[in-house]
Amino acid sequence: MSGNLILHEDPRSGNCYKIRLTAAMLGVPLERRLYDIMNGETRTPEFLSNVNANGRIPVLQIGDRFLPESNAACWYLAEGSSLVPADRFERADMLRWMFFEQYTHEPNFATLRFWFCFVGEANLTPMQRDQIMAKRAGGEAALSVMEQHLGVHDWFVGSSASLSDVSLYAYTHVCEAGGFRLHDYPAICRWLERISGLPGYVRMD
């Protein structure tokens, strides 16, 4: 890797956490720059001009280059490591689960956690309230897919942890903050314990 690595993040974010977890598991040092998304610190003209024009974190800064999107940053850190399978099909399958995480999993778990823990249920708009049940159903459907897979596999791809496990772990392990019940999914609970027992594991701030 070329250049110092700086993670622009809000430590409460699961998307930011997955990058820190990837780096910790690989022993890669990261400098951290903290932002408070609740106070609009990623929407300032300076941030939009210099870090990410999309106004979002995380962003992994590599020297003087900036890489937004959490799973892209995880890939940058992990390419060539044990977190990326050597087998071509398994690499593609890993990406499949990472796409599942971003399109099917994260939009439900991250949103409900954010609404209930940081915005507050009393402060939700009528439009947000109308979406709660749909997001709850979408989250339960994602957990069911994961539970079925983990009922017969220790990891999402291959015989060891990969980036697919890291990406799915981030919001799954805190999903009860959004109203989900992990004890209904015993295979997922066992998998969560396997992840937290891996060398280099760090907790979410």
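Here are some questions and answers about this predicted model, going from its sheet to its helices and cores.

Q: What is the order of the strands in the open sheet of four strands?
A: The pairing in this open sheet is mixed. Its edge strands, strand 2 and strand 4 (65-68), each pair on one side only, and neighbouring strands are turned by 25° against each other on average, direction ignored. Read across the sheet, the order is 2-1-3-4.

Q: Which residue in strand 2 does Ile6 stand opposite?
A: Let's start with the pairing: strand 1 and strand 2 run in the parallel sense and share four bridges. Within strand 2, the residue opposite Ile6 is Glu31.

Q: Which strands does helix 1 lie across?
A: Helix 1 runs at about 160° to strand 1. Helix 3 also packs on the sheet, where it touches strand 1, strand 3 and strand 4. The strands that helix 1 lies across are strand 1 and strand 2.

Q: Why is helix 1 largely enclosed by the rest of the structure?
A: Buried here means under 20% relative accessible area. The buried residues of helix 1 include Cys16, Ile19, Leu21 and Met25, and they pack against strand 1, strand 2 (31-34), helix 3, helix 4 and helix 6. Helix 1 is largely enclosed because the number of its 13 residues that are buried is 11.

Q: Which residue caps the N-terminal end of helix 1?
A: Helix 1 has 13 residues and reaches 18 Å from its first C-alpha to its last, close to the 18 Å expected. After the helix comes Gly27, with a positive phi near 70°. At the N-terminal end, a side-chain oxygen lies 3.1 Å from the backbone nitrogen of Asn15, and the capping residue that supplies this oxygen is Ser13.

Q: Which element gives the most to the largest nonpolar core?
A: The largest nonpolar core holds 52 residues. Among the elements that give two or more residues to this core are helix 1 (14-26), helix 4 (88-119), helix 5 (126-150) and helix 7 (186-196). With eight residues, the element that gives the most is helix 4.

Q: Which residues touch the most other members of the largest nonpolar core?
A: In soluble globular proteins, nonpolar side chains tend to be buried together. Trp191 touches Met146, Leu150, Trp155, Phe156 and Leu168, among others, not counting residues up to four places away in sequence. A second, separate core of six residues includes Cys16, Tyr35, Phe47 and Val51. In the largest core, the residues touching the most other members are Met146, Phe156, Leu163, Ile188 and Trp191.

Notes
Residues numbered from 1 in each chain as written. Predicted model: local features only at pLDDT ≥ 70, side-chain atom pairs only at ≥ 80, totals over all residues. Heavy atoms only, no water. Core = buried A, V, L, I, M, F, W, Y, C linked by side-chain atoms within 4.5 Å. Buried < 20%, exposed > 50% of the residue type's maximum accessible area, 1.4 Å probe, protein only. Contact = heavy atoms within 4.5 Å. Expected span 1.5 Å × (residues − 1). Polar contact = N/O pair within 3.5 Å; in protein donor to acceptor, adjacent residues only side chain to side chain. Pairing = 2+ DSSP bridges. Axes fitted to C-alpha atoms, helices over the stretch in contact; angles between N-to-C directions.
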